[in-house]
Structures are given as C-alpha cells and as structure tokens.
Amino acid sequence: MRYVSTRGGGEPLTFKQTIMTGLARDGGLYLPATVPDVRDRLSGWRALSYQDLAFEIIRLFADDIPDDVLRDIVARSYATFRHPEITPVVKVGPVHLLELFHGPTLAFKDVALQFLGNLFEYVLGETGGEMNIVAATSGDTGSAAIYGMRGRERIRIFVMHPHGRVSPVQERQMTTVLDDNVCNLAVEGTFDDCQNIVKDLFNDLQFRDACRLGAVNSINWARVLAQIVYYFYAAFRVQDTTGAAQVRFSVPTGNFGDIFAGYMARCMGLPIDRLVLATNENDILWRYFNTGVYSMGEVVPTLSPSMDIQVASNFERYLYDLAGRDPARLSHWMATFKETGTLTPDVAPDACFSSGRGDTEMTLKVIKAYWEACGYLLDPHTAVGVGVGLRYLQEEIPLICLATAHPAKFGQAIIQATGLDLARHPLIDALADMPTRVRVVPASKEAVAEIVRATIAEG
Ligand SMILES: *Cc1c(COP(=O)(O)O)cnc(C)c1O
C-alpha cells in the first residue's frame, strides 16, 4: 500500500513513513493510493472479535508491519478499554448507540490514540531517534493524545488547548498528567488558532526537521484508519440483531475525521446507505452539504466543545475525492479557500451524505428526553448526533448513532438538561484532588516554537 498527498507533492510513502510524517510536506494530507474492496470478506469478518477485526482491516493498509507485531500492537491498544467488546452497541429507544467511550479518557478519540501511541513506539524503536508531537485540541483530542503518549520512550508531546474554552473536566484530564514527556499549553485564542499554529509549525520545514515533529491530530492517517474498524464492527452487530441489509450512521462532527472513517468504510464496501453529518451551531459543514458552498464563519462556544470548529482539517481528504483525485484541481480549490475564506466546488456533494444542524435547545431537549424515556444519559455531542439522526429515521434501515463521549465529561450540560447531577464516573471524580501543570501562551507560532526548542534543549 502506498500513500499519496492530496496536493500531489513528493513521492508516495509507505504506511510507516506516512504515519511518522503526519502532514505532507506540500501542506496536503495523506491518503491510500487505492482503497481495498472488501465485499467478499464481509461474511468471514462478521464473527470476529473487535481485536481480530481491527487486525484484518488495519493490515490491509499497514502492509509494512509484520502480522505478529500488528496483532500485538492491536491487543495492547485495546487492553486499556473497560468493556470486553471495546465498542459495544446498545439499542436505546429507536436508535442503536455505538458506545465509543470505554477507553482511558472516556471519549472516542482513545480508540485511535491508544493505537497510535503503540505504533509510534514500535517505529521509533526500529529507526531510533525521537519525536516531538505538537497537537491542538478543542477538548477531547488533547487528553486522549496525552494518555496515548504519556511515559513513552523517545516521545514528547506538546498539547495546545484554547485557554478557558474547554470544559473544566477536559482541562483537568489534560493538566493532571504530570509525566516529564507531557507539556500542556493554554493558548490565548480559539481552537482554530491552536490548529493554525500546528499547521504553521509543520509548514516551517526547517523547524519541523530540526525538532522532528510528529502529528497526532486527525491529519494523521493512522487516526482515521483505527476509526474505520468500529463502523464495520457496529454494522455487523446491528445486522446480527436486525437482519438489515444496510445501515445508516449519524456522526456528531467537528473536524470531519470520524465521519471520514465512515466514508472510507463505505468506499471499501460496507453497506452504509447514508452518513448523517450532524453539526452544532458551528455549521460550516452543514452549510456546505446543503448549499454546496464551503465558507468560513465565526466559532461560537457551545455545549459540545469538541465540535466547535469552523475549518474542518480532514475535509480536504473528502474534497480530494470530489476533485476526481486530481491534486492540481484540489490544490487550486484549497488556495481559493485560503485566499477568500470561501470555496464553491464545481461538483455536487456526494449523495451518500446528509447533514443536519442541532442547536443548544435541541441538544438539551434530546438529553432530557432520552433520560426520561429510556433512562439513558447522552453526552451533548452524542445528543447532537441523535437529535439530527432522528430526522433520518427510516423503516428497515437501522440508525446507528455514534456515542462519542461519556456524559460524565460534560456534567454541567447534563445538569442544565435534566436539572439533576446524574452524570458521574469515578475517573472524573478522582480528577478534582489531583495536582495540575499548564503554561499559558499567546496565540503565536513563535511563542510555541520557542517552548518546543527550549524543552528539547533541556533534554
Ligand atoms: C472530536 C469529537 C467529535 C468530533 O469528531 P471529528 O472527528 O472532529 O469530526 C465529536 N464528539 C466528541 C466527543 C469528540 O471528542
């Protein structure tokens, strides 16, 4: 398997090279040059455990990792989950919830980041040298990345979050990790500022090489890859119980990483009839899928902070397909967007996507309704996906809603919705008494670069 940049620069890379590179040197994102068609394997895969299924799917894309090594990496990555099925599916009211929050930080990003930490450690062990990870987070990526990388040899991680704009629990989940190789930075700006600093640091090729930067944001292909697995797993479980030929997914979306994994699963031949893209008030993707115009707006803080994003970094991967996999055409589109803040592709959006927008009022109503009718607490991100997904409920086609976080991460939203302090988890309760460490920095690439340089110099 070879990987190419969406912008067409450089030579194709192997899987290991791709994950160690992160963002392509021409500013593009990596994608597999061809997508494997797995339709004739689906019936054989149906009976596999999560780990065995993950091994079968990942090995198609990671063909430069020996099978025994990959099996071991997969086993260790999911041994940290607290549910034997890793990502179980439960029926709640009219929807099937795919619970993705049984990992160490109680959000779906653990599924990919536990895997990525083990991958990095394996590759660095082979090649020698070290890696300095810089990451931006709107909340959940940061803690999941920190838990994926903490204490690992040859790896340092610098995580930027927008100062005061992540939930108190999200902040404590990050800043209570005191391992020497973890540096938390509170940036005086928005998540998009943090994400831009990461992009600027990567695009400074001299700095990037000197500091051996690595990426854990969903621009890293391994993140998308690990997430493809649970679309297959969930479709199989729901087909087992319903006998349905096709399934539909509703995905609460920010950076377009999670739903892109679903799109890949569909491209590989999983019978997904529709992918419902749910946004909160930060609705650039909803506007795109309903009007064909991709145009930047202002970020508004909401109850679902991990979706408070205007520019969706993974969207370029989808646009590349839309551009007929023509890197020149895609590069032109991206340049137009960068210059004007607006892009109107001359091709219609793919019909397998539907998009809806759910505001704060809807989110609170859905949380309350599911608690009162089913005794199930949805976190606010999941509630956006459920509320929007219900608009696409159709007889004969089961609706699988991705439950992306445990409600205890967003206890304030639960209180606001139900009037009760219902969402508790021992891992979250324990955070209150733990010491923290964090540095506040201005929203400037230079300020962050200086901290990275100084930390490396300290050894
Ligand atoms: C990151 C996140 C999302 C959005 O996922 P994307 O891959 O950025 O679209 C949704 N819900 C939760 C809880 C998240 O942490």
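This is a predicted model: local features need pLDDT of at least 70, side-chain atom pairs count only at pLDDT 80 or more; totals for chains, interfaces and linings use all residues.
1. The space that the ligand takes is the largest cavity.

2. For Lys 109, a polar side-chain atom lies 2.5 Å from an oxygen atom of the ligand. Asn 255 instead places a polar backbone atom 2.7 Å from a ligand oxygen atom. With Asp 258 the backbone is again involved: an N or O atom there lies 2.9 Å from an oxygen atom of the ligand. On its own the ligand has 380 Å² of accessible area, and the protein covers 97% of this.

3. Thr 404. This residue sits in the loop that runs between β14 (399–403) and α17 (411–418). Thr 404 counts as buried because its relative accessible area is 6%, where the cut-off is under 20%. Beyond its neighbours within four places in sequence, Thr 404 is in contact with Ala 107, Phe 108, Pro 252, Asp 258, Asp 379, His 381 and Thr 382.

4. Glu 446. Helix α19 (residues 445–458) contains Glu 446. Its relative accessible area is 42%, so Glu 446 is classed as partly exposed, a class that lies between the buried limit of 20% and the exposed limit of 50%. Glu 446 and Ile 197 are 249 residues apart in sequence, while their C-alpha atoms are 8.9 Å apart in space.

Notes:
Residues are numbered from 1 along each chain as its sequence is written. Side-chain values use heavy atoms; hydrogens and water are left out. Helices (H or I, at least four residues) and strands (E, at least two) are DSSP runs, numbered from the N terminus. Buried means under 20% relative accessible area, exposed over 50%, partly exposed in between (1.4 Å probe, protein chains only). Contact means heavy atoms within 4.5 Å. A polar contact is a pair of N or O atoms within 3.5 Å; within protein, one must be able to donate a hydrogen and the other to accept it, and residues adjacent in sequence count only if both atoms are side-chain atoms. Accessible areas come from the Shrake-Rupley method with a 1.4 Å probe; for residues, only the protein chains shown count as cover. On a 1 Å grid over the protein atoms alone, a cavity is a set of points where a 1.4 Å probe fits but cannot get out, and a pocket is an open set with protein on both sides within 12 Å along at least five of seven lines; lining residues have an atom within 4 Å of a point. A molecule sits in a cavity or pocket if more than half of its atoms lie within 2 Å of its grid points.
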